[in-house]
Amino acid sequence: MRKSSPLISGLLVLMGAGFAPQLLSAQQATCPLGFTVAFFNGVGNTYGNAVASMHATQAAIQESQSTTNDVYDSEDVQYEVMYNTTAAQAANAFDPVNTTILQDVAEVFVQRAQELDPTGTVGTNFFYMFWEWNEGAPQNYSNSLSNNSATNNFFANFVNAAVTAAVGALANLSGSQAPTAADYGQQEAQLTADAAAGRKLLLVAHSQGNLFVNHGYDFILPAVSAARVKVVHVAPASVTLRGDYELSTGDLVINGLRLVNGFASIVDPNISPPFTSADPTGHGYTEIYLSAALTDSITQSTDRALLEQRFVAALVALDSQQCAMSITPPTSTVSAGAQVTLNAILTPPVNAANLESITYKWSISGTAGGTFSNPVLGNEVPSLTTTAPTITYNASSAAISGQADSVTVEVDISTVNNNNSTTKALAATTTNPAQITIGSLNAMLTPQNPTVAPGSVTPFSVTLQGTVPTGISYVWTLVGTGSIGAGGPVTTTAAAINYTAPNSGTDTLSVSVQDSGGKVLATSSTTITVNPWVGTWVGSLASDCGYYAGPLTYTITSGGGNVLEFALDGFPGYSGTYTGNSAVAANGEVVFTLSGNTFSVVEADSCQSGTFTRQ
Amino acid sequence: MKTRKAFVCSLPAACSVLWLTACGGGSSASQGPPAPPTVAASMMALVASGVLPTLDVTTSITGTDANNNGVRDDLDTLIAGQTDTPSQKAALTQAAQSIQATLTLNTGDASAVATAATGMRKSIACLYAQYDAATAGGRFHWIQEMSINTMPRLKAYDAFNIAMNNSVTHLEQGAVCNA
């Protein structure tokens, strides 16, 4: 292949040629975004031909998407021309780089024209017709040569010679003039940059471009994986392919190459359009393979439609979801009326350099009836779009235990240069939504079923189990003759209340835990037994037969039922029973008689007696 | 006849051929059936009739550009004679200018090469902006064919293509048309 000029060599250095794609491994931590279509031109193309072919490819892709914008599925599409000349067959050791095959073809034209017309008029005045061997003007000025009986098939013969030259050049690309590292350098640098930017690559090659595209694909594949790079080969001159292809039965250049390199060297044709004088070689990119005027006899589709289908198939494959969307926490159990903060996580994240805007579309489905709060209208909605990856799920206060909602989020993006087209789902949690289950909230009132002393004040508190929504309140109700404050239900925001016992009887204290809307989330209750004997009693004993006489403190607690437990000056271990205002202990030897807040005690065998007052 | 001869003879290489044709091949014309026209004569007749374009085939790389618009005068005439819209003709002129600019380029000057390449990309983008996609490429091929119509011009043009060998460039966007 042609050696690079000093100019290009300099550019290669500037472009960082020689980057190994493996060095990009860290760059793979970005979600692929945006498409780059690179075009590798055909044999004998001028730079302008290559640019025009790139535009033709762009037009075909836009046509396939019914758009005039450089957008595919709302992601931007950029176009790159990977230009390579075709070295002249006439190159030699003394002048290896100065001409391209274009000059070969032109010289063939001039030489043959000289034979046809020794005056030189044809070769001079109609020199321009040499262009029409392949991608020439649609006017087909050369028809005037073809249609002239005196020319004796001059132009057809010239085309054959030009094709021979092209075939020779293509054959040399696989041999003596194979591309060198310098030929590939700038392409490698650009593909490396595209990969680093997280772009998806569609490589389109025509004719000799297939020899370059194969190298480009193999070079960048380790960095991006097959999901991010696809190839469409057109009129492939290469022995091997990296993707789908289109090859015409009437492609004289590739057919000639097959004869040179062997039949197995080229894939079989897969389209069969009719001959057209617009391109007698049957090889032109736009004249043949992107022609909307030529109908393939195999599929009855136009060549253009078929190639567009191959472009689209590659783009569809590149467009498959390559990023994972998830929501944290993935599962939650909440109470009715509770809230859960959900976070959307895109893995790997988007490369911010390509991003114009990003939105998150949240949606709820399920039986629990949860909602999002619309910050604009202030209403509750089942779906909402946010620009931040966070949202608050509000569990319905009407939900009951066991009901559940699924929350999904779709991340939509708008990329730079996508002409503000409708955003698309870059990734979604359709298959892995966040699950939110309504769980029960348990309330436990403590102490449970206490026995208290008459007139005593006992603090009660509520312990909650489960997710507690914000804004809850406690509604206390007392049935009995004790007191918790006001006459009716008492509402507190604290989970505690004081109970004042009556002189006797059994009360029932209940608490209802309610959300801000008044829905009861949980309840608990307890009975409170007022035992007139329970309490601390202080007095003194007297004995007229020598037993203890002096001060004494009785601490009486309930032993359950009619059992009383006694502690004397702090020493427990004594039990008794009571009936009404009478109680006995020590097998009936000690008799207590209650009268309001005092009781008397008599123990006959120790001659002791005394009076004690409730403290 | 005098008028016709003067018209075609603005193209030196064509003069002798047409003169011979116009004069019936000299004194032998009066003897026997007329000889069939030569290929050259037939072709030049097509030029004269307008079927084929009249082009500057002088040895000058740039040809005559009397109005200094960066396009050979014969191409100006050719473009003006098209039935295209004024905007399309302007795009054709821009394309011709971009091609012509490459012919006198110092291909050792990277900046100059890049500027010429940008100009060419813009001109082709302009063609695609002014014509439908099915036509635009053909219009570029046409103006390229008309512009690069001699071997010296092809060699000069080829030098630009070689300077662009192995390059990677992007399609131009935005304001791509000069007029």
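Modeller: The model is predicted, and chain A has a mean pLDDT of 87, where pLDDT is the predictor's confidence in each residue, from 0 to 100. In chain A, 92% of the residues reach 70 or more.

Colleague: Where is confidence lowest in chain A, and where is it highest?
Modeller: The lowest mean, 36, belongs to helix 1 (residues 6–15) of chain A, and the highest, 98, to strand 5 (residues 229–234) of chain A. Helices (H or I, at least four residues) and strands (E, at least two) are DSSP runs, numbered from the N terminus. Over residues 1–28 of chain A, pLDDT stays under 50.

Colleague: Which rules should I keep in mind when reading such values?
Modeller: Residues are numbered from 1 along each chain as its sequence is written, with chains lettered from A and ligands numbered from 1 in the order in which they are written. Local features need pLDDT of at least 70, side-chain atom pairs count only at pLDDT 80 or more, totals for chains, interfaces and linings use all residues, and side-chain values use heavy atoms, with hydrogens and water left out.

Colleague: How many helices and strands does chain A have?
Modeller: Chain A contains 11 helices and 33 strands. Its radius of gyration is 47 Å, well over the 25 Å that the globule rule gives for 615 residues, so chain A is more spread out than a compact globule. That radius is taken over C-alpha atoms, and the rule is 2.2 Å times the number of residues to the power 0.38. The C-alpha trace of chain A spans about 165 × 45 × 40 Å along its principal axes.

Colleague: What share of chain A is buried?
Modeller: Buried residues account for 53% of the 615 in chain A. Buried means under 20% relative accessible area, exposed over 50%, and partly exposed in between (1.4 Å probe, protein chains only).

Colleague: Changing topic, which peptide bonds are cis?
Modeller: One cis bond joins T347(A) and P348(A), with omega about -10°. P348(A) lies in the loop between strand 9 (339–347) and strand 10 (355–366) of chain A. Another cis bond joins T446(A) and P447(A), with omega about 0°.

Colleague: And N587(A): is it buried or exposed?
Modeller: N587(A) counts as exposed, at 82% relative accessibility. Although N587(A) is not a glycine, its phi is positive, about 60°. In chain B, N68(B) is also not a glycine and has a positive phi, of about 50°.

Conventions: Contact means heavy atoms within 4.5 Å.
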